[in-house]
Every structure is written in C-alpha cells, then in structure tokens.
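Hi,

Here is the structure I promised to pass on. Have a look at it first, then read my notes below with the model open beside you.

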Amino acid sequence: MSPMQIVFVLIVGFLLLGLLLNLIRYGTLSEKYSLVWIVIAFGIIATPLLQPLYNVVIDLFGFVSPVTFYLVCALLLVLLLLLQFSLAFTAERKQRKRMIIELAMLKNELETVSLRLDDYERNNVDKKK
Amino acid sequence: MSEKILAIIPAYKEEERISSVVKQTIGQGIPVLVVDDCSPDQTARVAREAGAMVLSLPINLGYAGALQAGYHFAVKMDIDYVVQLDGDGQHDPAFCSVLLKPIIKGEADVVMGSRFLDPGSYRPTVFRRLGQRFFAQIASRFIGEEVTDPTTGFQALSREVAELYCTDVFPEDYPDADLRIILDRLGFRVLELPVRMYASEGESMHGGILKPIYYIYKMLLAMLVAPIKVLPKRRA
C-alpha cells in the first residue's frame, strides 16, 4: 500500500469508529448490534499492519489483485451484517406475535370484567326498585 | 410518615428456589415483587403462593429487562425505597435491611452489597474472579473510589435512582460496572457494604462459551462509552 492509501484507510477506519462510539454514546446504537461494525472499523484500521498476512491469503486463494480481495471481504462482512439483521428481525417478529396475543387476551379479560360490573350495577338498581 | 419499601426479585426458571427467597424476604417485613421473566415452569405460581406480588412478562427480556420492569412497577406504585436480589437463593435476604438502612437515613442513594467484603461469602471461580477484578479496577480508576464487587445484583436504591433506571440509561443486558460510572457522573452517592452470598445453584447467565466472550466485549465497550455517554439531567 502506498503512504497515501494507508492515510486514506486510517482516516476511514477512525471516522467509522468515531461514528459508532458517538451512536452508542447517544443510545442510538446498542452495544449488541455494534459488534460487527466495531470489527469492521478495527479491521479497516488494522489493514496497513496486516498487509503481509493479507498477501499470503491473496496468493493462497489466487485473488487477481488486493482490491478484489478487499471487495470480497467487504461483501462477506455485509452478508454477515444482513444475517445478523435477519436473526434479529425473526426474534422481534416472534416477540411481537406473542405480545399481540397477550394484548388480545388482556382485552378479553377487561371486557369480561366490564360486563360483570355492568350486570352487578344493573342488579343493584333492580334491587333498589 | 411511613415509607414504602419494595423488594424486586427478577426470576427465570426458579420454581424450586423462589418460595424460600420470597418467604425469607417477607419475613424481613418487606413486600416482594417477583418479576417472572416468561419462565416455562411454575415460578410465577410458586412465587404467588409464597406471598409475593407477581409481574409476569409475556416475553423473555433477560435479567436487565426483568429488573427494569420491576423499577417501572415500583415507580408507578410510588415506592420510596427499592431493594433488589436474585431469585436463585444466591443473596441472603437477611441483609436487605443492612442495604436499606443508609438509604432510609439519607446517607446514600445506592447501596451495593459486596460479597468480597464479607469473609463468609462464597468465592467465584478463578476466571470469573479475574474478570470481576479487571472490571472493578477499571471502574475504580474512573470513579476514584474502590469498587470491590462490580457485578453485584444485591442492591438497595432510592426512588430517584429507580426513576433513572426506568430510562434508556439502564443497560439492555448486563447492568454492571458501567452503571457505577454513570451513577458517579450523575453525582449519586454510592456505598458498598458487606453482604452474604452463596454459590448459585441455578443456570448462570454467563454460561457457555459465546456468552462470556460477548460479556467481555460488551462490558469493555460500555465502560469505554460510560464516561462520555449522553445522560439525562438530574432534577434539582
């Protein structure tokens, strides 16, 4: 990597890390869902240091150029993020269904109590007459 | 003026142990709310039969979520002081009054029970102890006071702290050392007192391989962010 490329990569990495910490600071992003993003940020920052290791992997798997390798890594990380979202979405859907059912049952209990109260008041009025 | 106190016990799959904890706490003269975190067993029924009020969550929210549900209940019921303890028998209910005393006297806003200040308490495994010591050291450096038990769930708090814990400031999963830093930043008076704790017989929330790794990551990040976290203002 040329010195300017290293500078560019470090700027991007630290900007991303700063953005993530700021989002967590404001409570907009939870620590749980920041894990993959933090790994990406540190991965970007560590790229200049890990260049020799990347070269070994590039040669081993026959990547045409380092850029191709970085693109494939980025794609894999995006797929990982999408998988995390899919899992979270599935869990949220199940919880939402459960809460809707619970709400419907509470509503039913409330209506039953309300009807009983109406009956009680009606009976009391009849007795007074 | 009689002050209202409530013991909050979050519980998940504790049908075998919850009755004893509830009865011992009620025996201290403290009303009990058990927050049943969608247990698949009879925890809610057993707790109710033992004399506790029960809040049954329709979905499992985890330890922090169940506790937060308890705080919401306490604030709604106008409770003045809250003591929280685990439902698995790890925390000795006889120490509830020890934790509550400084809060009632106005000497502290939060009193945390430390097993490491009590020579008779059980000691965790080596790895857990190392982890606790590590996070305790970090919290101690931030706060400027010694923290001996950063992960204790045996605590007493004032109403103002309970109201704070009803907000998004309260962590989603593990309310531990990062919360100490937040309390310090907001100027709350936090005290640590010795309490008796026993080895937990139930399932640990840190069991397995992935959970401890996630816990370490999460706590490191939370403690890094805690000093710069955007916090609500305390009422005057």
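**Starting in the sheet of chain B**

In chain B, Ile8(B) stands opposite Gln84(B) of strand 4. One thing to keep in mind as you read: this is a predicted model.

That pair belongs to strand 1 and strand 4 of chain B, which pair in the parallel sense over 4 bridges. Strand 4 (residues 81–84) and strand 6 (residues 155–158) of chain B run antiparallel and are joined by 4 bridges. If pairing is new to you: strands of a sheet pair through backbone hydrogen bonds, either parallel or antiparallel.

Which way do the residues of strand 4 of chain B point? Tyr81(B) and Val83(B) point one way, Val82(B) and Gln84(B) point the other way, and all are buried.

**The whole sheet and the helices on it**

Stepping back, the sheet in chain B is open and has 7 strands, in the order 3-2-1-4-6-5-7, with mixed pairing. Strand 3 (53–56) and strand 7 (190–194) of chain B are at the edges with a single partner strand each, so one side of each has no neighbour in the sheet. From one strand to the next, the twist averages 20°.

Helix 1 (residues 18–26) of chain B packs on this sheet and touches strand 1 (5–11) and strand 2 (32–36) of chain B. The direction of helix 1 makes about 170° with that of strand 1 of chain B. Helix 4 (residues 96–104) of chain B packs on the sheet too, touching strand 1, strand 4, strand 5 (110–114), strand 6 and strand 7 of chain B. Its direction makes about 150° with that of strand 4 of chain B.

Between strand 4 and helix 4 of chain B there is a loop, and Gly89(B) lies in it. Is Gly89(B) buried or partly exposed? Its relative accessibility is 29%, so Gly89(B) counts as partly exposed. Gly89(B) touches Val21(B) and Tyr198(B), leaving aside residues up to four places away in sequence. The C-alpha atoms of Gly89(B) and Ile18(B) are separated by 7.5 Å, although these residues are 71 residues apart along the chain.

**Helices packing on helices**

Helix 5 and helix 7 of chain B have axes that come within 9 Å and cross at roughly 10°. The two helices are therefore roughly parallel to each other. Phe135(B), Ala139(B), Phe142(B) and Ile143(B) of helix 5 make the contact with Ala177(B), Arg180(B), Ile181(B) and Asp184(B) of helix 7. These residues divide into 6 nonpolar, no polar and 2 charged.

Now find helix 8 (residues 210–225) of chain B. With 16 residues, helix 8 reaches 22 Å from first C-alpha to last, close to the 22 Å expected. Its buried residues include Tyr214(B), Leu221(B) and Val225(B). What do the buried residues of helix 8 of chain B pack against? In chain A they meet helix 1 (3–25) and helix 2 (31–61), and in chain B helix 5 (126–143) and helix 7 (177–185).

**One stop in chain A**

Finally, look at Gln84(A), which lies in helix 3 (residues 66–128) of chain A. Gln84(A) counts as buried because its relative accessibility is 18%, and buried means under 20%. Leaving out residues up to four places away in sequence, Gln84(A) touches Lys32(A), Tyr33(A) and Val36(A).

Cheers

Note on methods: Residues are numbered from 1 along each chain as its sequence is written. Chains are lettered from A and ligands numbered from 1 in the order in which they are written. This is a predicted model: local features need pLDDT of at least 70, side-chain atom pairs count only at pLDDT 80 or more; totals for chains, interfaces and linings use all residues. Side-chain values use heavy atoms; hydrogens and water are left out. The expected span of a helix is 1.5 Å times one less than its number of residues. Buried means under 20% relative accessible area, exposed over 50%, partly exposed in between (1.4 Å probe, protein chains only). Contact means heavy atoms within 4.5 Å. Two strands pair if DSSP finds at least two bridges between them. Axes are lines fitted to C-alpha atoms, for helices over the stretch in contact, and angles run from 0 to 180 degrees between N-to-C directions. Angles under 35 degrees count as roughly parallel, over 145 as roughly antiparallel, 65 to 115 as roughly perpendicular and the rest as oblique. Ala, Val, Leu, Ile, Met, Phe, Trp, Tyr, Cys and Pro count as nonpolar, Asp, Glu, Lys and Arg as charged, and the others, Gly among them, as polar.
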